[in-house]
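Me: I have a structure to go through with you. Can we start with the terms and then take salt bridges and helices?

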Amino acid sequence: MRDKTEQILNAAMKVFVKKGLQATTQEIAKEAEVAEVTLFRKFTNKQNLFVTVIRNVLERQFDSQINRMAKTEDTEAFLIKIIENRLGTLSKNAPMVKMLLSESLMGNLDEEVDLPNMIFSSLEKGLALHFENKGQVVEAGLVARHLGGIFVSQVVFKNDRPFHLLSEEEKTSLARKYAQSVMAIIK
């Protein structure tokens, strides 16, 4: 039973990446090699399937790790961890991220799967927790916006190589540069 669900989620992600919300349930069912009725039995409607796909891929990766990282004592080290983690995830999922940004800019996404909002809210919470743990008063929303801009620009603007394909040394170097730019607005 779980295998069918995974099969549908994987197929839905492929089809949504290609076609955005214009994808049909018929196309998704065909890609998943299941009857359309099976898709509706498991997900009720296309919107529910879309939300499940997005939450399955992104929310689990964005929210689950930031609270652990927030316990890092050194703020620059914390920022480097966030940047490497988020850029890796976004880079690996770049086609889906671009589709979500496009759908968001057109106003087609509910708030619960609005990628910029998801990135911003999880960042803001994690940053606020980090600065609270340090007893530091910092406007977490401003720092989250700065980081969000870094993340989106890294995915949207052309790069020689995607972040996830850089060497570990290149990733750390780039993350450190970005972290230092964020540190400049904190001080």
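Reply: Terms first: a residue is buried under 20% relative accessible area, exposed over 50%, and partly exposed in between, with a 1.4 Å probe and protein chains only. This is a predicted model, where local features need pLDDT of at least 70, side-chain atom pairs count only at pLDDT 80 or more, and totals for chains, interfaces and linings use all residues. Residues are numbered from 1 along each chain as its sequence is written, and side-chain values use heavy atoms, with hydrogens and water left out.

Me: What does K14 pair with?

Reply: K14 bridges to E31, with 3.9 Å between the closest N and O atoms. The pair links distant parts of the chain, 17 residues apart: K14 sits in helix α1 (residues 2-19) and E31 in helix α2 (residues 25-32). Helices here are DSSP runs of H or I, at least four residues, numbered from the N terminus, while strands are runs of E, at least two.

Me: And how exposed is E31?

Reply: E31 is partly exposed, at 34% relative accessible area. K14 is partly exposed too, at 48%.

Me: Which residue meets K19?

Reply: E27, in a salt bridge of 2.5 Å from N to O. K19 has a relative accessible area of 42%, and E27 has 26%, so both count as partly exposed.

Me: What about R161?

Reply: The side chain of R161 meets that of E170 in a salt bridge, 2.7 Å from N to O. R161 is partly exposed at 37%, and E170 is partly exposed at 33%.

Me: Switching to helices. Which residues of α3 are buried?

Reply: In α3, residues 36-43, the buried ones are T38, L39 and F43. They lie on the same side of α3 because they cover an arc of only 105° around the axis, the arc being that of the directions from the helix axis to the C-beta atoms.

Me: What follows α3?

Reply: T44, with a positive phi near 70°.

Me: Last one, α8. What is its span?

Reply: Helix α8 (residues 140-156) has 17 residues and runs 24 Å from first C-alpha to last, close to the expected 24 Å. That expectation is 1.5 Å times one less than the number of residues.

Me: Which of its residues are buried?

Reply: Among the buried residues of α8 are A140, G141, V143, L147, F151 and Q154.

Definitions and conventions. A salt bridge is a side-chain nitrogen of Lys or Arg within 4 Å of a carboxyl oxygen of Asp or Glu.
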